[in-house]
Amino acid sequence: MDGLGNPVRFVLSPGQAADVTNAPSLVEGLEFEALLADKGYDADWLIDLVEVAHHAEVVIPPRKNRKNPREYDKHTYKQRNLVERFIGWAKHFRRAATRYEKTARNFLAIWNFVAIIKLLK
């Protein structure tokens with residue numbers, strides 16, 4: 001999502017895979033000032049990648065089990081609600097929300113269609 005709540009990129013992953021494993025493919029080739037994500041993306045290697053390769057601020061709250069919790073900008077983190085609102089809005093499209101499509105290609109196409117509708121609004 002960009003700063004206005006518009007979708008930028010979708011990447012499909014296997015259901016049993018952790019979301020953080022696909023994070024590099026989501027940020028690859030994009031320019032951004034800050035990366036906002038939930039606690040599921042709190043990994044040292046991802047934080048290093050964003051800070052070093054993209055020269056961007058990382059706004060990810062630390063997990064509770066971290067021995068040395070990192071500081072993060074709580075005010076900026078509140079902007080992550082744009083992602084949650086987009087997902088809530090997109091779930092009104094039953095075909096996208098319930099995965100009627102059997103193939104990954106068709107499922108991604110449905111989500112791209114939903115993104116186009118969002119961008120046209």
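**Reading the model step by step**

A: Let us begin with the secondary structure. This is a predicted model, and the protein comes to six helices and two strands.

Q: In what order do the elements of the protein run from the N terminus on?

A: The order is α-β-α-β-α-α-α-α.

Q: What box do the C-alpha atoms of the protein fill, and what share of the residues is buried?

A: Taken along the principal axes, the box is roughly 45 × 30 × 25 Å. A residue counts as buried when its relative accessible area is under 20%. By that cut-off, 29% of the 121 residues are buried. The protein exposes about 8,600 Å², and carbon and sulfur atoms supply 54% of this area.

Q: How many salt bridges does the structure hold?

A: A salt bridge pairs a side-chain nitrogen of Lys or Arg with a carboxyl oxygen of Asp or Glu within 4 Å. The structure holds five salt bridges. In one of them, the side chains of Arg-66 and Asp-42 meet at 2.8 Å, N to O.

Q: Which parts does the pair of Arg-66 and Asp-42 tie together?

A: Arg-66 lies in the loop between β2 (57-59) and α3 (74-77), and Asp-42 lies in the loop between β1 and α2 (44-53), so this pair ties together parts that are 24 residues apart in sequence. Both Arg-66 and Asp-42 are buried.

Q: Which residue forms a salt bridge with Asp-44?

A: The partner is Arg-66, with the closest N and O atoms 2.7 Å apart. Asp-44 belongs to helix α2 and Arg-66 to the loop between β2 and α3, so the pair links parts that are 22 residues apart in sequence. Asp-44 is partly exposed, with a relative accessible area of 47%.

Q: Is Glu-101 buried or exposed?

A: Glu-101 counts as buried, at 14% relative accessibility. The side chain of Glu-101 meets that of Arg-95 in a salt bridge of 2.4 Å, N to O. Arg-95 is partly exposed, with a relative accessible area of 45%. Elsewhere, salt bridges that share partners join Asp-42, Asp-44, Arg-66 and Arg-70 into one network.

Q: What is the volume of the largest pocket, and which residues line it?

A: The volume is about 1,600 Å³. The lining of the largest pocket has 40 residues, with Met-1, Arg-9, Leu-26, Tyr-41 and Val-83 nearest the centre. By class, this lining has 25 nonpolar, six polar and nine charged residues. Helix α4 gives the most to the lining, with five residues.

Note on methods
Residues are numbered from 1 along each chain as its sequence is written. This is a predicted model: local features need pLDDT of at least 70, side-chain atom pairs count only at pLDDT 80 or more; totals for chains, interfaces and linings use all residues. Side-chain values use heavy atoms; hydrogens and water are left out. On a 1 Å grid over the protein atoms alone, a cavity is a set of points where a 1.4 Å probe fits but cannot get out, and a pocket is an open set with protein on both sides within 12 Å along at least five of seven lines; lining residues have an atom within 4 Å of a point. Grid points are joined across faces, edges and corners, and a volume is the space filled by probe spheres set on the points. Helices (H or I, at least four residues) and strands (E, at least two) are DSSP runs, numbered from the N terminus. Ala, Val, Leu, Ile, Met, Phe, Trp, Tyr, Cys and Pro count as nonpolar, Asp, Glu, Lys and Arg as charged, and the others, Gly among them, as polar. Buried means under 20% relative accessible area, exposed over 50%, partly exposed in between (1.4 Å probe, protein chains only). Accessible areas come from the Shrake-Rupley method with a 1.4 Å probe; for residues, only the protein chains shown count as cover.
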